[in-house]
Amino acid sequence: MEMTTALWSFALVVGLLTLTPGLDTALILRTSALGRRRQAWGVVLGIQTGTLIWGTLTSAGVTALLTASQVAYEVLRWAGAAYLVWMGVGMLRKQGTEAAAEQEESVEGGFGHGWRRGTLTNLLNPKVGVFYVAVLPQFIPAGAPHFAAGVALTCVHVVEGLLWSTVLVGFARVLRGWLRRPAARRVMDRVTGAVVVGFGLKLALAD
């Protein structure tokens, strides 16, 4: 398999994965819908930073520890589950009033806060690492530099993630006026919080 063929094939696989709604989609839509454009892009770039780190570590052979060591996987799994449940419960407890909304926006900050949230959410999900360990090596052509080819394939995933995130941010901004109302805000926080807690519990209970 040539490198060009590998890039297109990998793009198709991770493209389908990118389009599948999940935790990343929920976080991006919520942050964007509440009018926090800088924070939303922080979340987007944080998620892609995590993806790039996972791909780079896989290309270097480091993430193979997740499949070789049960202890390493379990530690990361429980840390990720605890973080997601904590974040989701925080969303569920929000009051949704105008005063609370203004206070939340001033406390949560902008781009930096979003970037940290997106990066941690991605890096504390061991299933992303396991996915890369299982899938990425299959698309590296025989004879190609393993590390360079792996990073190049990861960059394809990052680019697709950025493009799809741009669509999500734009869609959420269209609905921003309605979603910033207190009642709609409460619904948004409860739905997103429940989704995040659900992902955390799923990660904790997964075999």
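Predicted model: local features only at pLDDT ≥ 70, side-chain atom pairs only at ≥ 80, totals over all residues.
**Entry 1: helix α2.** I started with α2, which covers residues 23-33. How many of its residues are buried? I found nine of eleven, so I put this helix down as mostly covered, taking buried to mean under 20% relative accessible area. Among the buried ones I noted Leu23, Leu27, Ile28 and Arg30. Thr31, Ser32 and Ala33 are on that list too. Just after α2 I stopped at glycine 35, where phi is positive, at about 85°.

**Entry 2: α3 and α9.** Next I looked up how α3 (residues 37-59) sits against α9 (residues 146-174). Their axes come within 9 Å and cross at roughly 160°. Angles over 145 degrees count as roughly antiparallel, so that is what I wrote for α3 and α9. I also noted that α3 passes α9 in a right-handed crossing.

**Entry 3: phenylalanine 139.** I found phenylalanine 139 in the loop between α8 (126-135) and α9. Buried or exposed? Its relative accessible area is 14%, so phenylalanine 139 is buried.

**Entry 4: phenylalanine 199.** My last stop was phenylalanine 199, which is in helix α11 (residues 182-205). I got 31% relative accessibility, so phenylalanine 199 goes down as partly exposed. Which residues make a nonpolar surface patch with Phe199? I listed Val187, Val191 and Val195, and the patch comes to about 300 Å².

Terms used: Residues numbered from 1 in each chain as written. Heavy atoms only, no water. Patch = residues over 30% accessible without salt bridge, like charges linked within 9 Å, V, L, I, M, F, W, Y side chains within 5 Å. Areas by Shrake-Rupley, 256 points an atom, 1.4 Å probe, with all protein chains shown as cover. Salt bridge = Lys/Arg side-chain N within 4 Å of Asp/Glu carboxyl O. Helix = DSSP H or I, 4+ residues; strand = E, 2+ residues; numbered from the N terminus. Buried < 20%, exposed > 50% of the residue type's maximum accessible area, 1.4 Å probe, protein only. Axes fitted to C-alpha atoms, helices over the stretch in contact; angles between N-to-C directions. Parallel < 35°, antiparallel > 145°, perpendicular 65-115°, else oblique. Left-handed = near helix turned anticlockwise from the far one by under 90°.
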